[in-house]
Amino acid sequence: FVGSFAEAARGARRAAQRAHRSRRAALNYHAGVSDSPVRVAAVRRVGASNRLAVLGGSGFLGAQIVLRALAGGVERVASIARDPSKAPASDDPRLRRVVADVLAPGNWESALDREGPTRVILCTALPRIPDCEAYPALARTLNADLPRRVAAWCAGHGARFVHVSTD
């Protein structure tokens, strides 16, 4: 009985590890940010329909996604932020720094309309719990309403959507 329990625990652990790798691979695939040579080849094969927009592209995570996407061969990357001068330093002509405020009605929507991305990654959030407790309306807007609206925009425009969330 003990042996069968240990076997079951090992099997469950292996299944969880496989699921984690699958989720990570799926996110990397949709984001176009994998180091995998297979993924880089697939990114290059997609060609003209490979346009990425990163909302929050000047933040800590967003800036890294922008750089990885450029390194991975994405055709065009739009780093969308209130202050795009904070976007990653790159002279790559495929990088577009776009000014848009996600809190201003219609602002980010028109930026996405202009850029015409086939993939959108949302990195904008209010991640710290003390800030969320201090500013609940802002937290709801950034962490719940904005992702819902960006997902709706993506669904309406045929773009893939990745929402990066925190606890």
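The model is predicted. Six helices and five strands make up the chain, and along the sequence they follow the pattern α-α-β-α-β-β-α-β-α-α-β.

**Sheet**
- The five strands form an open sheet with parallel pairing, in the order β3-β2-β1-β4-β5.
- Because β3 (95–99) and β5 (160–163) stand at the edges with a single partner strand each, one side of each has no neighbour in the sheet.
- On average, neighbouring strands of the sheet are turned by 15 degrees against each other, with direction ignored.
- Four bridges join β1 (residues 51–55) and β4 (residues 119–122) in the parallel sense; Val54 stands opposite Ile121 in β4.

**Helices on the sheet**
- Helix α4 (residues 107–115) packs on the sheet and touches β1, β2 (76–81), β3 and β4. The direction of α4 makes about 155 degrees with that of β3.
- Helix α6 also packs on the sheet, where its contacts are with β1, β4 and β5. The direction of α6 makes about 165 degrees with that of β5.

**Surface**
- A nonpolar surface patch is formed by Leu103, Tyr135 and Leu138, which together have about 280 Å² of accessible area.
- The chain has an accessible surface of about 9700 Å², and carbon and sulfur atoms account for 57% of it.

**Burial and contacts**
- Of the 167 residues in the chain, 36% are buried.
- Considering contacts between residues at least 6 apart in sequence, 57% join residues at least 24 apart.

Methods:
Residues numbered from 1 in each chain as written. Predicted model: local features only at pLDDT ≥ 70, side-chain atom pairs only at ≥ 80, totals over all residues. Heavy atoms only, no water. Patch = residues over 30% accessible without salt bridge, like charges linked within 9 Å, V, L, I, M, F, W, Y side chains within 5 Å. Areas by Shrake-Rupley, 256 points an atom, 1.4 Å probe, with all protein chains shown as cover. Salt bridge = Lys/Arg side-chain N within 4 Å of Asp/Glu carboxyl O. Pairing = 2+ DSSP bridges. Helix = DSSP H or I, 4+ residues; strand = E, 2+ residues; numbered from the N terminus. Axes fitted to C-alpha atoms, helices over the stretch in contact; angles between N-to-C directions. Contact = heavy atoms within 4.5 Å. Buried < 20%, exposed > 50% of the residue type's maximum accessible area, 1.4 Å probe, protein only.
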